[in-house]
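Let's take a walk through a protein model together. We'll begin with one idea about surfaces, then look at the whole chain, and then zoom in on some side chains.

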Amino acid sequence: MIDLNNESGIEVDEKRLVRLAAFALEQLRIHPQAELSILLVDETTMADYHERFMGLPGPTDVLSFPMDELRPPSDDDEPPLGLLGDIVLCPTVTAAQASQHQRTPEEEADYLLVHGLLHLLGFDHAEPEEKRVMFGLNDQVIAAWAAAGA
(Lines give C-alpha, C1' and ligand atoms only; values in the text may rest on other atoms or scores of the structure.)
Protein backbone atom coordinates (compact mmCIF):
# COMPACT_ATOMS: atom_id res chain seq x y z
CA MET A 1 0.00 0.00 0.00
CA ILE A 2 1.51 3.31 -1.10
CA ASP A 3 0.21 6.62 0.13
CA LEU A 4 1.36 9.89 -1.47
CA ASN A 5 0.59 13.36 -0.14
CA ASN A 6 1.68 16.40 -2.15
CA GLU A 7 2.09 19.37 0.19
CA SER A 8 4.75 21.01 -1.99
CA GLY A 9 2.46 23.43 -3.80
CA ILE A 10 3.95 22.17 -7.08
CA GLU A 11 2.20 20.03 -9.64
CA VAL A 12 3.88 16.64 -9.78
CA ASP A 13 2.91 13.46 -11.61
CA GLU A 14 1.85 11.74 -8.41
CA LYS A 15 0.50 8.63 -10.15
CA ARG A 16 3.86 8.11 -11.84
CA LEU A 17 5.68 8.27 -8.51
CA VAL A 18 3.28 5.75 -6.97
CA ARG A 19 3.70 3.44 -10.00
CA LEU A 20 7.48 3.74 -9.72
CA ALA A 21 7.41 2.98 -6.00
CA ALA A 22 5.27 -0.11 -6.62
CA PHE A 23 7.57 -1.17 -9.47
CA ALA A 24 10.69 -0.71 -7.31
CA LEU A 25 9.16 -2.68 -4.43
CA GLU A 26 8.39 -5.50 -6.85
CA GLN A 27 11.92 -5.40 -8.26
CA LEU A 28 13.32 -5.56 -4.71
CA ARG A 29 10.93 -8.40 -3.78
CA ILE A 30 9.13 -6.54 -1.02
CA HIS A 31 5.60 -7.72 -0.27
CA PRO A 32 3.06 -5.80 -2.40
CA GLN A 33 1.06 -4.98 0.73
CA ALA A 34 4.01 -3.46 2.59
CA GLU A 35 3.10 0.10 3.57
CA LEU A 36 4.97 3.11 2.21
CA SER A 37 4.28 6.81 2.63
CA ILE A 38 5.62 9.43 0.24
CA LEU A 39 5.38 13.09 1.20
CA LEU A 40 6.21 15.94 -1.20
CA VAL A 41 7.06 19.18 0.61
CA ASP A 42 8.21 22.73 -0.07
CA GLU A 43 11.74 23.96 0.63
CA THR A 44 10.88 25.57 3.97
CA THR A 45 9.38 22.34 5.30
CA MET A 46 12.27 20.27 3.95
CA ALA A 47 14.81 22.64 5.53
CA ASP A 48 12.99 22.25 8.85
CA TYR A 49 13.02 18.43 8.57
CA HIS A 50 16.66 18.43 7.46
CA GLU A 51 17.74 20.47 10.45
CA ARG A 52 15.47 18.75 12.96
CA PHE A 53 16.27 15.15 11.98
CA MET A 54 19.73 15.36 10.42
CA GLY A 55 21.18 18.42 12.16
CA LEU A 56 22.04 19.98 8.81
CA PRO A 57 21.00 23.41 7.52
CA GLY A 58 18.94 24.12 4.41
CA PRO A 59 16.64 21.98 2.32
CA THR A 60 17.75 18.66 0.87
CA ASP A 61 16.33 16.55 -1.95
CA VAL A 62 15.15 13.43 -0.09
CA LEU A 63 14.87 12.12 3.46
CA SER A 64 13.91 8.61 4.54
CA PHE A 65 12.39 7.54 7.83
CA PRO A 66 12.36 3.73 8.17
CA MET A 67 9.82 2.05 10.43
CA ASP A 68 9.90 -1.79 10.55
CA GLU A 69 13.42 -2.07 9.10
CA LEU A 70 12.29 -4.38 6.31
CA ARG A 71 15.04 -5.83 4.11
CA PRO A 72 14.96 -7.40 0.65
CA PRO A 73 14.66 -11.17 1.06
CA SER A 74 17.24 -13.67 -0.05
CA ASP A 75 16.26 -15.87 -2.99
CA ASP A 76 14.67 -18.56 -0.79
CA ASP A 77 12.80 -16.25 1.59
CA GLU A 78 9.28 -14.89 1.38
CA PRO A 79 8.91 -11.15 0.67
CA PRO A 80 8.63 -9.19 3.92
CA LEU A 81 5.38 -7.50 4.89
CA GLY A 82 5.20 -4.53 7.21
CA LEU A 83 5.57 -0.79 7.44
CA LEU A 84 8.45 0.47 5.30
CA GLY A 85 8.31 4.07 6.49
CA ASP A 86 8.25 7.53 4.98
CA ILE A 87 10.07 9.12 2.06
CA VAL A 88 10.05 12.92 1.96
CA LEU A 89 10.89 14.57 -1.37
CA CYS A 90 11.28 18.25 -2.17
CA PRO A 91 10.34 18.77 -5.84
CA THR A 92 11.91 22.24 -6.11
CA VAL A 93 15.27 20.94 -4.88
CA THR A 94 15.17 17.86 -7.10
CA ALA A 95 14.26 19.98 -10.13
CA ALA A 96 17.05 22.48 -9.39
CA GLN A 97 19.73 19.79 -9.17
CA ALA A 98 18.55 17.60 -12.05
CA SER A 99 20.84 19.17 -14.64
CA GLN A 100 23.89 18.48 -12.43
CA HIS A 101 23.15 14.77 -12.92
CA GLN A 102 22.21 15.06 -16.61
CA ARG A 103 18.60 14.19 -15.80
CA THR A 104 15.26 15.86 -16.35
CA PRO A 105 13.44 17.02 -13.20
CA GLU A 106 11.12 13.99 -13.53
CA GLU A 107 14.07 11.60 -13.90
CA GLU A 108 15.76 13.18 -10.88
CA ALA A 109 12.61 12.73 -8.78
CA ASP A 110 12.41 9.11 -9.96
CA TYR A 111 16.04 8.47 -9.04
CA LEU A 112 15.66 10.05 -5.62
CA LEU A 113 12.45 8.19 -4.87
CA VAL A 114 14.26 4.89 -5.46
CA HIS A 115 17.23 6.21 -3.47
CA GLY A 116 14.95 7.02 -0.54
CA LEU A 117 13.31 3.61 -0.79
CA LEU A 118 16.70 1.89 -0.67
CA HIS A 119 17.50 3.82 2.52
CA LEU A 120 14.24 2.52 4.01
CA LEU A 121 15.46 -0.98 3.19
CA GLY A 122 18.72 -0.51 5.07
CA PHE A 123 21.04 0.49 2.25
CA ASP A 124 23.52 3.30 2.84
CA HIS A 125 26.42 5.00 1.08
CA ALA A 126 28.71 6.11 3.89
CA GLU A 127 31.46 3.67 2.90
CA PRO A 128 32.79 3.10 -0.65
CA GLU A 129 31.53 -0.50 -0.87
CA GLU A 130 28.11 0.45 0.51
CA LYS A 131 27.92 3.28 -2.02
CA ARG A 132 28.85 0.95 -4.90
CA VAL A 133 26.13 -1.52 -3.91
CA MET A 134 23.44 1.07 -3.21
CA PHE A 135 24.00 3.23 -6.28
CA GLY A 136 24.36 0.13 -8.46
CA LEU A 137 21.02 -1.16 -7.23
CA ASN A 138 19.46 2.30 -7.68
CA ASP A 139 20.71 2.35 -11.29
CA GLN A 140 19.39 -1.20 -11.90
CA VAL A 141 15.89 -0.33 -10.70
CA ILE A 142 15.79 2.88 -12.75
CA ALA A 143 17.07 1.02 -15.86
CA ALA A 144 14.39 -1.68 -15.41
CA TRP A 145 11.76 1.08 -14.98
CA ALA A 146 12.89 2.72 -18.23
CA ALA A 147 12.98 -0.65 -20.03
CA ALA A 148 9.43 -1.34 -18.84
CA GLY A 149 8.34 1.72 -20.78
CA ALA A 150 7.65 3.95 -17.82
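This is a predicted model: local features need pLDDT of at least 70, side-chain atom pairs count only at pLDDT 80 or more; totals for chains, interfaces and linings use all residues.

**The whole chain**

How many helices and strands does the protein chain have? The secondary structure comes to 5 helices and 4 strands. If you read along the sequence, these elements follow the pattern β-α-β-α-β-β-α-α-α.

Now for the overall dimensions. The C-alpha trace spans about 45 × 35 × 35 Å along its principal axes. A compact globule with 150 residues would have a radius of gyration near 15 Å, and the protein chain agrees with that because its own value is 15 Å. Of the 150 residues, 39% count as buried. The accessible surface is about 8,200 Å², and 50% of that belongs to carbon and sulfur atoms. What about the contacts between residues at least 6 apart in sequence? Of these, 65% join residues at least 24 apart.

**Charged partners**

Side chains of opposite charge can pair when their charged atoms come close.

| Salt bridge | Distance (N to O) |
|---|---|
| Arg16 and Glu106 | 3.6 Å |
| Asp48 and Arg52 | 2.5 Å |
| Arg132 and Glu129 | 2.5 Å |

Start with Arg16 and Glu106, whose side chains meet in a salt bridge. This pair links distant parts of the chain: Arg16 sits in helix H1 (residues 14-27) and Glu106 in helix H4, 90 residues apart. Are the two partners buried or exposed? Arg16 has 9% relative accessibility, so it counts as buried, whereas Glu106, at 40%, counts as partly exposed.

Asp48 and Arg52 both lie in helix H2, 4 residues apart, which is about one turn of the helix. Here Asp48 is partly exposed because its relative accessible area is 37%. Arg132 and Glu129 both belong to helix H5 (residues 128-147) and are 3 residues apart, again about one turn. Arg132, at 54%, is exposed, and Glu129, at 45%, counts as partly exposed. Elsewhere, salt bridges that share partners join Arg16, Glu106 and Asp110 into one network.

**A buried glutamate**

Next up is Glu108, which lies in helix H4 (residues 105-120). Is Glu108 buried or exposed? It is buried, because its relative accessible area is 1%. The side chains of Glu108 and Arg103 are joined by a polar contact of 2.7 Å. Leaving aside residues up to four places away in sequence, Glu108 touches Thr94, Gln97, Ala98, His101 and Arg103.

Which residues make the nonpolar surface patch of about 300 Å²? They are Phe53, Met54 and Leu56. Phe53 has its place in helix H2 (residues 43-54). With 45% relative accessibility, Phe53 counts as partly exposed.

Note on methods
Residues are numbered from 1 along each chain as its sequence is written. Side-chain values use heavy atoms; hydrogens and water are left out. Patches are made of residues with over 30% relative accessible area and no salt bridge: like charges are joined within 9 Å, nonpolar side chains (Val, Leu, Ile, Met, Phe, Trp, Tyr) within 5 Å. Accessible areas come from the Shrake-Rupley method with a 1.4 Å probe; for residues, only the protein chains shown count as cover. A salt bridge is a side-chain nitrogen of Lys or Arg within 4 Å of a carboxyl oxygen of Asp or Glu. Helices (H or I, at least four residues) and strands (E, at least two) are DSSP runs, numbered from the N terminus. Buried means under 20% relative accessible area, exposed over 50%, partly exposed in between (1.4 Å probe, protein chains only). A polar contact is a pair of N or O atoms within 3.5 Å; within protein, one must be able to donate a hydrogen and the other to accept it, and residues adjacent in sequence count only if both atoms are side-chain atoms. Contact means heavy atoms within 4.5 Å. The radius of gyration is taken over C-alpha atoms; the globule rule is 2.2 Å times the number of residues to the power 0.38.
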